[in-house]
Amino acid sequence: MNLRIVIIIFRKEILDMLRDKRTLIAMLGLPLILYPALFIVGAQLALMQQNKVADARSLVAVAGAHKDILEGWLLKTPKMGVAISDDPELDLAEGRLQAIVSLESDPAQTLELGKTANILIRYDATDTSSQEAVKRIMEALDAREKEMLKSRLEIIGIPGDFVNPYDVERRNVASGAKYTGTVLGMLMPLIMIVMLGVGAFYPAINLTAGEKERGTFETLLSTPISSFDILGGKFLAVFVLAMLTGLTNLASMVGTFAFQLSQMQDSASVSEIHIPAYSVLVIVLALIPLAFFISAIMMSIAVYAKSFQEAQSLLTPFLLILLFPAALAAIPGFHLSVTMQLVPIANFALLFKDLVTQKVSAQPIVMVLLSTTVYASLALYMAARIFRREDVVLSHDHGLSLTLRRSQFVKRDVPTPGTALFIFTLCLLLLFYAGTYVQGKYALWGIVITQYGIFLLPTLFVLWYLRVNLRNALSLRLPSGSGFLGGLVIAAGWAVMSLQLSVWQQRILPFPEELAKEMERLTGLGDQPVWVLLLVLALSPAICEEILFRGAVLSGLRKYLPWWALLFGVGLAFGIAHISIHRMFLTGMSGVVLTYIVWRTGSIYPGMLAHFAINSTAVLLQNKQVEARMPEELQSFLDAALKQEQGFPWWVLAGAAIVFASGVLLVETSQRKATSANMK
Amino acid sequence: MIRAQDLRKEFAGPRGVPVVAVKSATFSVYPGEIFGLLGPNGAGKTTLLRMLATIIRPTSGHCWIAEDRTDVWPQRVRQHVGFLSGNTKLYGRLKARELLLYFGRLYGMTDDAIVQRTEELATTLDMKPFMERRCDTLSTGQVQKVSIARVLLHDPPVLILDEPTLGLDIMTSAAIRDFILDAKRRQHSIIFSTHYMTEAEMLCDRVGLIYSGEIMAMDTKQGLYADTGTDNLHDVFLAYVARHAAART
């Protein structure tokens, strides 16, 4: 990338955009006019309305046999008028009266008898002046009630305190400032994120689809600069304009709120609003990768459009989608958990809220900054890829088909690396958002749903849709006998070796208690029969995970990576899919072993068999029913090795290593036979 | 010079069936020569010129501009090329002078060199009255003059001009033709497309006739007249289209 050219393009784009009225309106007009108008004028209107109600006289009708007494009481209340009405019900319904009060029994008599009189207030709850009238009536009646209670108690000679065991006083210690801070923390991230989106919206369209529509893109492409330089300059302009819009909005919002608060009666609380300087710094710092992310995605989408209008209709849904994660901060109960720290946009919104209302430790800040930066880089990489496609960049003249009809795809023997990565990412996202949820909610069925619904079906569907030959892509061919046997022997050796590795890992990186319990819950699953557990925890992963990892992912990357990178790459992908630092290493290593088996035998079946064997060992060793039937000597041997974490004695390990090596040897001979058969 | 070898371009069509825009084009344009590409709308002229200018990549075949292969050294090639077509429009919100400054910088020229060259071009192309006006306020002829100035700014040895006089008045067309002839005198290689046969007769040393993505004939004007027994390019073209249709049936 040529920085000089990037800056030349950036400067021109900024100049171009600043001469565009739409950008100026979004960047300056909206924040400088809309907020003050919305908040200040809106609040003053509300206040005016409130005062009007408070100042107005309440007009009520009095009914019942003893209305004279009632009228006397009510008229003692300020701003209260009693009306004479022929049809009070109608007058109340039509708003000429605010309430009707009726008293049937004689209060003087009930006082003597020590009984309760009934008073009925009819009012219109949807009308604020009617509500105000009820409040005033209640005040009048409460005062009268107290007097009457006092008289009654005097008659029987009991002091007033007798019926009043304690006085309760409520005092709110949360200052107006704290309350305002919480409200700000909920609303501001939402507005900020949306404003970043709005800020990037027009520049992203104008500099891509707009340029195509105006026919200037080809002029730019005819100059001796690379598409990266063009993307770099344009992206920088979109990013800067989005940031500027975001910051103008932030400033305008803060200014408006400050003005609002200074108008409030307890202006002391204004000075109490204290957002620490470092919080502001973190917010601005996090804003950078976020604006990066949003700008890059918006540009990637907009460049597909042929015209300004088409880009608008493509980008508007994205702007709406942006609202959901952004709104999470405003929903009570959502907090910045480890999972939420990784969810783009939502993580920023929640961090913003926390920074405004409380003290935040370094860990979530670093995680949010880091993950947002990763997402931003991915989005920018995607944009760069798209910018290199002439069919997209020049789509204004011969049209780009945005339809993804199956018939448009070319038949393939194996998936492309891009398809393989897409399938992996898709499954990972599904696992992340849906899988962890269903597994938490329905333990056993959750695993079944994850395996078949999240790993197997999406993989098969994507491959089928893209017209990839399933037999080839998934290595669905029978292996030689020695290949099959080799896979099983490797699994036997590896089962013991991986148990030993887990003991060692436990010493370096102890399993957290929660995770151990969770694992126990999953693998033990209480009183399920052993065959059910084997079906769900061993057979299903052996089929579904193998189809995804040793099928689609392996065949997609096979031609493009040297053998060692292939083994570790697929292994790593397998490890990542277990979404836990503690399980990643071991499952990753198992992944390498399984990848080796499928890679060398050219068939997925030995991989499935080995996977089933490894998982079965884990299920059986942790099952209480199996444990109960185990010979006592074996049980105590395993206890010492695994539960007491002493590990296996050297001769067991040596045996396992020999078994493993002979498995490898078997697989290698099967490979040689296959090669020589091919050569003949 | 320009050299094209078996250039072919396919675009994705409906139902995955590719549409062939240029079938197989092989030709050369030498320094000091004007090569005219004649053909009706949709014949593939623009696609062919865009491949030469590295705007699009050929599906197969190669071309060389000043000994650099376009698919290997696209940026170096663009440094030596001035490309003008109906799709190379100007930034409406920039003033003519700002626009030339911008493109000069993209071509790696120093600001001093740009100012000096802009002055020369503004004088000879009679652009001074509108140099400070925004491009979206200029007339068609004024816009085309600014476009020509953009193409000539870095004085490229190869000019690829796609219908440079389309929709222009007589005066502006004449001015642009003068520029093309001047470039020829200065030993530039020029390829230009047009469907004005008279213009081709006035300018071209050699002519290629393109029809349905295929170059039907390529020769000097005199060679083409002799081959068809006619005395103007209009009749030459019709004669070749008839021959082409006959060969098909």
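The model is predicted, and local features need pLDDT of at least 70, side-chain atom pairs count only at pLDDT 80 or more, and totals for chains, interfaces and linings use all residues. Residues are numbered from 1 along each chain as its sequence is written, while chains are lettered from A and ligands numbered from 1 in the order in which they are written.

**The two chains**

Select chain A. Its secondary structure holds 28 helices and four strands; helices (H or I, at least four residues) and strands (E, at least two) are DSSP runs, numbered from the N terminus. Of its 680 residues, 35% count as buried. A residue is buried if 20 or more other C-beta atoms lie within 10 Å of its own, exposed if 12 or fewer, and partly exposed in between, with C-beta atoms placed from the backbone.

Now select chain B, which has nine helices and ten strands. Here 44% of the 249 residues are buried.

**Where the chains meet**

Display both chains: 26 residues of chain A are in contact with 25 residues of chain B. Contact requires that the C-beta atoms of two residues, placed from the backbone, lie within 7 Å. On the chain A side, α1 (3-18), α8 (217-221), α15 (390-393) and α16 (395-398) each supply at least two residues. The largest share, four residues, comes from α1(A).

**A kinked helix**

Next, select residues 308-327 of chain A, helix α12. Its 20 residues should span 28 Å at 1.5 Å a residue, and its end C-alpha atoms are 28 Å apart, which agrees; the expected span is 1.5 Å times one less than the number of residues. Focus on Leu315(A), where a kink of about 25° lies shortly before the proline Pro317(A). The bend at a residue is the angle between axes fitted to the seven residues ending there and the seven starting there. Leu315(A) is also one of the buried residues of this helix, among them Ala311(A) and Leu322(A).

**Two helix pairs**

Select α20 (residues 481-508) and α24 (residues 581-601) of chain A, which pack at an angle of about 165° with their axes 10 Å apart. Axes are lines fitted to C-alpha atoms, for helices over the stretch in contact, and angles run from 0 to 180 degrees between N-to-C directions. The two helices are therefore roughly antiparallel; angles under 35 degrees count as roughly parallel, over 145 as roughly antiparallel, 65 to 115 as roughly perpendicular and the rest as oblique. Residues making the contact include Gly483(A), Gly487(A) and Trp494(A) of α20(A), and Phe585(A) and Met589(A) of α24(A).

Move to α18 (residues 443-465) and α22 (residues 530-557) of chain A, whose axes come within 10 Å and cross at roughly 25°. This makes α18(A) roughly parallel to α22(A). Among the contacting residues are Leu444(A) and Tyr452(A) of α18(A), and Pro541(A) and Cys544(A) of α22(A).

**A hardly covered helix**

Select residues 632-643 of chain A, helix α27: the count of buried residues among its twelve residues is zero. Just after this helix, Glu645(A) takes a positive phi of about 60°.

**A loop in chain B**

Finally, select Ser212(B), in the loop between β9 (206-211) and β10 (214-220) of chain B. Ser212(B) has 17 other C-beta atoms within 10 Å and is therefore partly exposed.
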